[in-house]
Structures are given as C-alpha cells and as structure tokens.
Amino acid sequence: MRWGNHKATTALLVYAGTGDLTLTTVATLGAVVPDAAEFALCGLSPHRGLGHWPYPYLVLAGACYWAWLHGGTLLLLYLAFFLVGALIHLLEDALSPGGIPWGRPLGPRRGLGLYVPFAPSEFFLALGLLVAAAGVIWVSGYAAIPYLAGEIERFLVVAEYFGRKIL
C-alpha cells in the first residue's frame, strides 16, 4: 500500500476509535515505521521482512500501554499509539496478496488478497476504510466543531509542551 494511503487510513481509523487528535497524529507518524525500518536496514531484509514482523510492535505497544495504565507518563501512551500506527500499517499490508510474515520474521508471508498494491483495488479498499471511519467519526460527534476546537486546543498544548522539552 502506498504511504499516503497508510497515513490517511491510519489517521481516520485511530481518530474514529479514540476521538483524540494527539493520539491520531502520533499513530499517523508511526504508520510508516515498518517500511522506514526496512529502508534503514539498507537491503539486509527483503521488503515485508523484519520491519513487517508484527510481534515486536505488539509486545512493545502492549507494554507501553500497560505501563501507562499503571501510573506511567503520557509519553508511554504516545509511544504505544506510535506503535499502534505501525500495527495498522501491518494489518493493511496483510490485506494484500503479498501479506506479512506471521511466523518467523524472514519466513513466508501470508495475506488475504483483498487488494493489489498500486492497482485500483488499493484505492477502493483505502476509500472504503476512509468512508467507514468517517461515518464513525460523524456519528460519534468527533466531527462537531465544538469537539474539534477542544481537540485542536489540547493538541496545541501537547505540541507546545513537547516542543519546549525538545528545543
């Protein structure tokens, strides 16, 4: 799946599920991690190899979320959702015929074959996911102007806080 489709579907799916603009942004950034990890490996792993093995992402996301639930800082929640973005990327790739490695990291890949990457079927699958998520967002009230205004305000507060910490 194209990176643009990964990012757009991840953004709407996470926002539909959480109604939280900050978590959505963090997950959207994480949506390109599996491919970026393989680019960083400089050809040491085939595409949809090590970077697309779901279990490290699952374990780390679960551990971060558990630690956040048990008194950890918001940074752990954000890290968990960054990894959720990567997991959504993997689930989307698992819908293609090429799939992802479910067993060993460099083992055979399996997919459902619901779309062919870079073909019209990818566009229609992404569009279907976007429309479904947009429907949930609309029905849940997450698209209402007062709600969005509050989310944007919270997002800016978080961005300012982390901006001060980083700079």
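Analyst: The largest pocket has a volume of about 260 Å³. A pocket here is an open set of points on a 1 Å grid over the protein atoms alone, where a 1.4 Å probe fits and protein lies on both sides within 12 Å along at least five of seven lines. Grid points are joined across faces, edges and corners, and the volume is the space filled by probe spheres set on the points. The lining, meaning residues with an atom within 4 Å of a point, comprises 13 residues, and Thr22, Val26, Tyr78, Val158 and Phe162 are the closest to the pocket centre.

This is a predicted model, in which local features need pLDDT of at least 70 and side-chain atom pairs count only at pLDDT 80 or more, while totals for chains, interfaces and linings use all residues. Residues are numbered from 1 along each chain as its sequence is written, and side-chain values use heavy atoms, with hydrogens and water left out.

Three helices, α2 (21-30), α5 (74-94) and α7 (145-166), each give at least two residues to the lining; helices are DSSP runs of H or I with at least four residues, strands are E runs of at least two, and both are numbered from the N terminus. The largest share, five residues, is from α7. By class, the lining holds eleven nonpolar residues (Ala, Val, Leu, Ile, Met, Phe, Trp, Tyr, Cys, Pro), two polar and no charged ones (Asp, Glu, Lys, Arg), with the others, Gly among them, counted as polar.
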